[in-house]
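Thanks for coming, everyone. Let me put the structure up on the screen, and then I'll walk you through it.

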Amino acid sequence: MSLSVARRTVTTPILLGLLLVAFALLALVVGSKPFNQTIIDIFLKVIFVVGLWVFIGNSGVISFGHTAFACLGGYIAAWTTIKPMLKGTAMPGLPDWLMGMEIPFWASAVLAAGWAALWALIFGAVLMRLSGIAASIATFAMLAMVNSIYSNWESVTAATSSVVGIPIVRSIWPYLIAALIAVFAAWAYGISRHGLALRAARDEPTAAAASGIDIPRARLIAFVISGAIMGMGGALYAHSIGIVTPDTFYLGLAFITLSMLVVGGMGSLSGAVLGVLILSSLIQILRWLEAGIEIGTTTFALPGGVQEIALGAVMILILMFRPAGIMGNRDLSLPRGAASDSQGQTGPKT
Amino acid sequence: MGSLLQVIFDAAALGSLYALAALGIALIFGVMRLVNFAHGDVIAFSVFALLWPSVDAVAVVFAGNLPWFLLIPFVLAIGAGLSVLSEIVVFRRFRRANPATMMIASFALGFVIRYFLLMLFSSRPKSISLLPALSQPVEIMGARIPLLQLITITVTIAVLLGLIAFLRRTRFGLEMRAAAENFTMARMLGVRANRVIMGAFALSGALAAAIALILGSQTGTANIMMGANVMLMAFIATVIGGMGSLAGAVLAGFLLGAVATVMQVILPPDARAFRDAFVYGAVILVLIFRPQGLLSARGTKERV
């Protein structure tokens, strides 16, 4: 069964992957450094939002706390890749074996995914027993807890000051590969028996439980996988800018990633990816406007903050008029429509 | 003796703050199942309403120079007004939406309000002197208690008593309680839904403004993020108290204040910075054993 499902639905991740490759090629053609960074940022957001989708999209439980896993991952990058000498002054409290560690960036990303998954397992074992709004708020408490620890544990995280010296990776390919991994992993999870069980539990909790689905366990599996993806994204985020602070991974990032998911449509993987691409383009345009454009002799610039206000407004409008998001729970597929109903989902419920 | 009294007053004052905020969240949740993430930003907005827009570090005071008997109603009206406005402009369109959609919409609205403030005032905290007379300490049985703490506690108790009277004794309060219990049924029996919801928003906004006044005079700064922490604690209080239960929200608010204050005292100095992390951890523990909250409200239980 799963093989035929795989064949019917594999067009979705392939199409999404091609879209991402097209963005990478665009960066290559343009060849400017800031544009390269923009595309890298888009790939990172794809990783985060796809990670969010694995849990939120399949379980229907809104989580505000996933950026906590990105935070865990980001600090793994800081702990394992900064030169030992620099580490000694910024974070003197690290244990010796960690202090001497200096591993390549891809290894730190893998390690970060594992570390975040471990904590997702620990937090999830508790949080997944809750449902609906209580669960959402408990994930918020988790984020606040992680942020509070990382903002105060001075000897290990340098508290709220920036940890600098993380090797910066400027090439676009590692980020593309990581985004592709995230998309394919999310797709594979979505069509696996656990993913199907969780979506059944989302749409008809009573019937699903009666059919023998252990809902907390199904949610926990999704939570751990999405935690791992967020952790990987967090480490790569750290490598893309070379700095981490606890507030890099706090409400701002949580809001942006969640709005991308909502705007794209949290019911489908395509919604998650397209939400990132659409909102990132919008943000980029607003940024250009904030920086100012010259029309004739006068410079026209929007005041700072307009970007976020516009984002919030777009999100509210989309929720008002298209609550299922731009993709409306459908997935991208070839025009034949062979795969269009394979992940047939109704909007997530809580 | 004196220090014990001090701890008790600290706990009661912090608990009052959380209880007021939790009440503001629970009121709206009760009537329309909305977890209002914009609440914290209404708090911040109410403080900034006292200042002229400027990006300087020193606040340019505008309405803050009013005498206190005008200043307090002014701030309360600002909070209530913004809250009602948000209901009219945004939340009214979400009557049929599911709670998760509304929650995200309120999250977005809070973001809009916050960045609107950022645009006008910049993100730097500003020092303000709001009701400076309140920071004088008073001596009670050997403990030096800031006057503000006493006022916070008194105001909270007064607000709670007033609210109880309002909900129990007035027609509007009765309608509001009926709507919280079973909204559809209440509408069918002639409760005007929009009026009740607007009333709940106005009350919640005024409570947010009261918190703004207390926080503003306590810290002496205005910061666009100042409502975030209180709001988070208020959410947690409403969840622990049992979603939709007003008494539960208040009880849990005081409980959180007490736990946070006691932890501040008993934790070793090295661990004090992590007080909030311990509080959140304790909350998660409570939720394991009572996922439905301490006092679960009637009608919010999930039906099968």
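I'll go from the core to the helices, then to the contact between the chains, and end with a few single residues.

First, the ground rules. This is a predicted model: local features need pLDDT of at least 70, side-chain atom pairs count only at pLDDT 80 or more, and totals for chains, interfaces and linings use all residues. Residues are numbered from 1 along each chain as its sequence is written, while chains are lettered from A and ligands numbered from 1 in the order in which they are written.

Start with the core. A nonpolar core here is a set of buried Ala, Val, Leu, Ile, Met, Phe, Trp, Tyr and Cys residues joined through C-beta atoms within 7 Å. Buried means 20 or more other C-beta atoms within 10 Å of a residue's own; exposed means 12 or fewer; partly exposed is in between; and the C-beta atoms are placed from the backbone. The largest nonpolar core has 227 residues. Those with the most contacts inside it are A:Ile47, A:Val50, B:Ala22 and B:Ile211. Which helix gives the most to this core? Helix α1 of chain B, residues 2–32, with 19 residues. Helices (H or I, at least four residues) and strands (E, at least two) are DSSP runs, numbered from the N terminus.

Look at A:Ile47. Among the residues it touches are A:Ala178, A:Ile229 and A:Leu236, leaving out those up to four places away in sequence. Contact means C-beta atoms, placed from the backbone, within 7 Å.

Now two helices of chain B. Helix α5 (residues 147–169) and helix α8 (residues 193–219) of chain B pack at about 175°, with axes 11 Å apart. Axes are lines fitted to C-alpha atoms, for helices over the stretch in contact, and angles run from 0 to 180 degrees between N-to-C directions. So α5(B) is roughly antiparallel to α8(B), a label for angles over 145 degrees. On α5(B), the contact is made by B:Leu148, B:Thr152, B:Val155 and B:Val159. On α8(B), the residues are B:Ala210, B:Ile214, B:Ser217 and B:Gln218.

Next, helix α13 of chain A, residues 215–241. Of its 27 residues, 23 are buried. Just after α13(A), A:Gly242 takes a positive phi of about 80°.

In chain B, helix α2 (residues 39–48) has 10 of its 10 residues buried. B:Asp41 and B:Phe45 are among them.

How do the chains meet? The contact takes 37 residues from chain A and 37 residues from chain B. On the side of chain A, the largest share, 12 residues, comes from α8(A).

A:Ser136 and A:Phe64 are 72 residues apart in sequence, yet 6.4 Å apart in space, C-alpha to C-alpha.

Most residues other than glycine have a negative phi. A:Ala158 has a positive phi of about 60°. It lies in the loop between α9 and β1 of chain A. B:Arg33 also has a positive phi, near 55°. It lies in the loop between α1 and α2 of chain B. Buried or partly exposed? B:Arg33 is partly exposed, with 18 other C-beta atoms within 10 Å.

Technical notes
Contact = placed C-beta atoms within 7 Å. Parallel < 35°, antiparallel > 145°, perpendicular 65-115°, else oblique.
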